[in-house]
Amino acid sequence: LERSLPEVRLPAMFVLGAASPIPARHGVASADLIPGAHYQIEECGHLPWLELPGSVRRALDRIRA
């Protein structure tokens with residue numbers, strides 16, 4: 001991934017849960033490898049789309065604008 005993510009040329013948004021068993025810092029590190037990628041850390045666990053309905057949509061609206 002470290003070699004391939006910098007080649008991605010698509011809009012990217014990582015929606016991460018602050019209380020996920022996978023630390024958000026790993027998602028942030030992945031986002032940092034993709035040119036122009038964004039991330040958003042939500043106050044939830046590992047499944048923001050279930051725990052905070054609408055959070056993924058709001059995050060995607062940020063990069064669509």
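The legends below describe close-up views of a predicted model.

**View 1. Confidence along the predicted chain.** The mean pLDDT of the protein is 95, and 98% of the residues score at least 70. Helix α1, residues 24-33, has the highest confidence, at 98. The lowest falls in helix α3, residues 55-64, where the mean is 92.

View 2. In soluble globular proteins, nonpolar side chains tend to be buried together. Beyond its neighbours within four places in sequence, Leu5 is in contact with Ser30, Leu33, Ile34 and Pro35.

**View 3. The largest pocket.** The space in this pocket comes to about 160 Å³. Its lining counts 13 residues, and those nearest the centre are Val15, Leu16, Ser20, Ile22 and His46. By class, nine lining residues are nonpolar and four are polar, with no charged residues. At least two lining residues come from each of β1 (13-17), α1 and α2 (48-51). Strand β1 contributes the most, with four residues.

**View 4. Val15 and its contacts.** Val15 belongs to strand β1 and is among the residues nearest the centre of the largest pocket. Apart from neighbours within four places in sequence, the residues in contact with Val15 are Gln40, Glu42, Pro48, Val56 and Ala59. Between Val15 and Arg58 the C-alpha to C-alpha distance is 10.0 Å, although the two residues are 43 residues apart in sequence.

Terms used:
Residues numbered from 1 in each chain as written. Predicted model: local features only at pLDDT ≥ 70, side-chain atom pairs only at ≥ 80, totals over all residues. Heavy atoms only, no water. pLDDT = per-residue confidence, 0-100. Contact = heavy atoms within 4.5 Å. 1 Å grid on protein atoms, 1.4 Å probe; cavity = no way out; pocket = protein on both sides within 12 Å on 5 of 7 lines; lining within 4 Å. Points joined across faces, edges and corners; volume = space filled by probe spheres on them. Nonpolar A, V, L, I, M, F, W, Y, C, P; charged D, E, K, R; others polar.
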